[in-house]
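Take a look at the structure below. This report walks through its overall build and then a handful of residues.

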Amino acid sequence: MIFSFDLLLEALLFGVLLGCFYAAVSIGLSVSFGLLDVPHVAHPAVMVLGSYGTFVVASYGVDPIVAGVVLMPLFFVLGVVIYRFYYETFEKRGTDAAVRGLAFFFGLAFIIEVGLILAFGVDQRMAEAAYIGSSLELGDYRIPYRMLVAFGVALVLTFALTLYLSKTFTGRAIKAVAQDEPALRLMGANPVRIKQWAFGIATGVSALAGAMLIIVGPVEPAMDRLYIGRTFCVVVLAGLGSMTGTLAAGLILGIAESIVLMMLGASWAPAVAFGLLLLVLGIRPQGLFGR
Amino acid sequence: MKYWIGAAVVVIAAFGAALSGVNEYFFYAAFVVLQFVVLATAWNILGGYAGYVNFGTAAFFAIGAYTAVVLFKWLGAPLAVQIAGGALVSGLLGFGVGLLTLRLRGIFFAIATVAVIFICETLMVNWRYVGGATGLQLLRPELIPPFDTYTRMLFSVMALLAVIAVSVARYVQTSWIGRGLRAIRDSEEAAEASGVPTLKLKLFACTVSGALMGAAGAPMPMYLSFIEPASSFNLSYSVSALAMPMIGGTAHWIGPVIGALLLGSVQQIVTVTISNEINVLVVGVLLVLFVVLAPDGVLGLFRKVARKR
């Protein structure tokens, strides 16, 4: 590979778009794991479930993004149910149940994955829309519209969630739960109900993230495995629960992956997220913007 | 003493069966079940006794298998050397992962072990010598005399490995090491404060657990006469190795054995009669059911029944 400034610029540009997309698929985990300390290993699986949901809704001729938005309330309810169940069976029983809680989410991820294989088969699925498949041409550069769409939705999602958490009453309550649960309890608020609400929002956001996943590229049921690395890498690198940090960490991962993709080729790309994750965990587990 | 007589009986019975006229398919399936006995037992040394959840079983298993392939291709090494090599390399990997426990616990440790799988897989995909992404066909060497077929021999070897793994787990559990690991599981700070050498014990548990997983993986390339990264590093090895002790019961060495025999046999039957996908679904559903309804596994259920009488 001959190094050239032009190629690097292209890799950077693509990395920024990819990075925002990674931030958007991680932001749900940033709430559920980062703020609520739920070991939600099944987050990527839920997201892929969202992609397939989008695929089904979009097959009626609905735009994939609209489909994702339509699915959000449904996923909100799903999230509330999952959290309620997790709380009653594991969280209530204290640290002794932590190992089993982790095993529970790992098992849940596999159930979702195999459920999707049984329902849709192992083939890749795609969504259709006018902006998928064509690109914007800027001089010598070609930017696929699907990346731009994902980029836009990702930015809106991140800023909306940041505003929600810092400006609204419930949003602040969610942050308070993360900071000091006993204190919140003393104020007369019910931390479980707040966490349930927050987990619902995190899961609802995953539906839209899933819609973006299927816009950016074809989706297959086992895809969640790779995204365990990407989403946890972004959330840990961001410092648990920091929304702007999530955006920054997504960008770092996106640019790193895009540069490796250009320099070494696609077969090395999966290792980037996991390598970065291991590096952050080993050197600075509290992340860049740790709380 | 009773244990050792039992262990000797199991090994002799396995060799006897391998030399008898039992249907070939039995050995083909039983090999996989025994392989899971080793994996589940190995997982339990770290996950069950010390409470560090390892999602990385697939990495240790596959690195054991790839070490065997390299030794075989490079030196034409016999099976025993392949297994020893696999155990050694995976043990070293386990030691490396053990160093991570210095800073990481709970989900952070678990996620780090997932990362180890994908990093190792990427390395193997990009290593031409072992076949890269497309894999490598292997020619099985000559048979060793008493056995009729290669599968029968591998079955006997795996039975021996299973007994060794269980003996190691039993030793760890009943010795001071096991007491130290249990103290770490209950409270690492309290253990450290009362003079338990927590770091040494964790490194020991990680290394032994990794080495046993590597030993379980080493005969696999010969069993399939083929190796390929995507199936060797499959996360379903990790979920099975985690589910089996959870289903059997993590507190006692017999727990993973019960879980592996039970779940492993069900998996074999389901794979043959229905499909491979359902088999992973069975693991997932049983895992979730057990962690929710029977937190102490089959062993815990037995104890409950015994207490009521």
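## Charges in chain A

In counting charges, Lys and Arg are taken as positive, and Asp and Glu as negative; His and the chain ends are left out. On that basis chain A carries 17 positive and 17 negative side chains. The centres of these two sets lie 12 Å apart. Keep in mind that this is a predicted model.

## Overall build of chain A

Chain A holds 11 helices and 2 strands. Read from the N terminus, its elements run α-α-α-α-β-β-α-α-α-α-α-α-α. The radius of gyration is 19 Å, close to the 19 Å that the globule rule gives for 291 residues, so chain A is as compact as a globular protein of that length. Along its principal axes, the C-alpha trace spans about 60 × 45 × 35 Å.

How much of chain A counts as buried? The share is 55% of its 291 residues. Its accessible surface comes to about 12000 Å², and 68% of that belongs to carbon and sulfur atoms. Now take the contacts in chain A with a separation of 6 or more: 77% of them join residues 24 or more positions apart.

## Helix α1 and the residue after it

Helix α1 of chain A covers residues 5-35. At A:Ser26 this helix bends by about 40°. A:Asp37 follows α1(A). A:Asp37 is found in the loop between α1 and α2 (43-58) of chain A.

The phi of A:Asp37 is near 60°, which is a positive value in a residue other than glycine. Is A:Asp37 buried, partly exposed or exposed? With a relative accessible area of 46%, A:Asp37 is partly exposed, because that class lies between under 20% for buried and over 50% for exposed.

A:Lys195 is found in helix α8 of chain A, residues 191-216. Its relative accessibility is 6%, so A:Lys195 counts as buried. What does A:Lys195 contact, leaving aside neighbours within four places in sequence? The partners are A:Leu36, A:Tyr83, A:Glu91, A:Val177 and A:Glu181.

## A tyrosine in a loop

A:Tyr131 has its place in the loop between α4 (98-120) and β1 (135-138) of chain A. A:Tyr131 counts as buried because its relative accessibility is 16%, and the cut-off for buried is under 20%.

A:Tyr145 is 14 residues from A:Tyr131 in sequence. In space, the two are 5.4 Å apart, C-alpha to C-alpha. A:Tyr145 is also one of the residues that A:Tyr131 touches, not counting residues up to four places away in sequence. Others on that list include A:Asp63, A:Pro64, A:Ile65 and A:Ile215.

## Two loop residues in chain B

B:Phe147 lies in the loop between β1 (136-137) and α6 (150-174) of chain B. At 11% relative accessibility, B:Phe147 counts as buried. B:Leu19 is 128 residues away along the chain, yet the C-alpha atoms of B:Phe147 and B:Leu19 are separated by 6.2 Å.

B:Ser225 lies in another loop of chain B, between α10 (220-224) and β2 (226-227). The phi of B:Ser225 is near 50°. That is a positive value in a residue other than glycine.

Notes: Residues are numbered from 1 along each chain as its sequence is written. Chains are lettered from A and ligands numbered from 1 in the order in which they are written. This is a predicted model: local features need pLDDT of at least 70, side-chain atom pairs count only at pLDDT 80 or more; totals for chains, interfaces and linings use all residues. Side-chain values use heavy atoms; hydrogens and water are left out. Helices (H or I, at least four residues) and strands (E, at least two) are DSSP runs, numbered from the N terminus. The radius of gyration is taken over C-alpha atoms; the globule rule is 2.2 Å times the number of residues to the power 0.38. Buried means under 20% relative accessible area, exposed over 50%, partly exposed in between (1.4 Å probe, protein chains only). Contact means heavy atoms within 4.5 Å. Accessible areas come from the Shrake-Rupley method with a 1.4 Å probe; for residues, only the protein chains shown count as cover. The place of a charge is taken as NZ of Lys, CZ of Arg, CG of Asp or CD of Glu. The bend at a residue is the angle between axes fitted to the seven residues ending there and the seven starting there.
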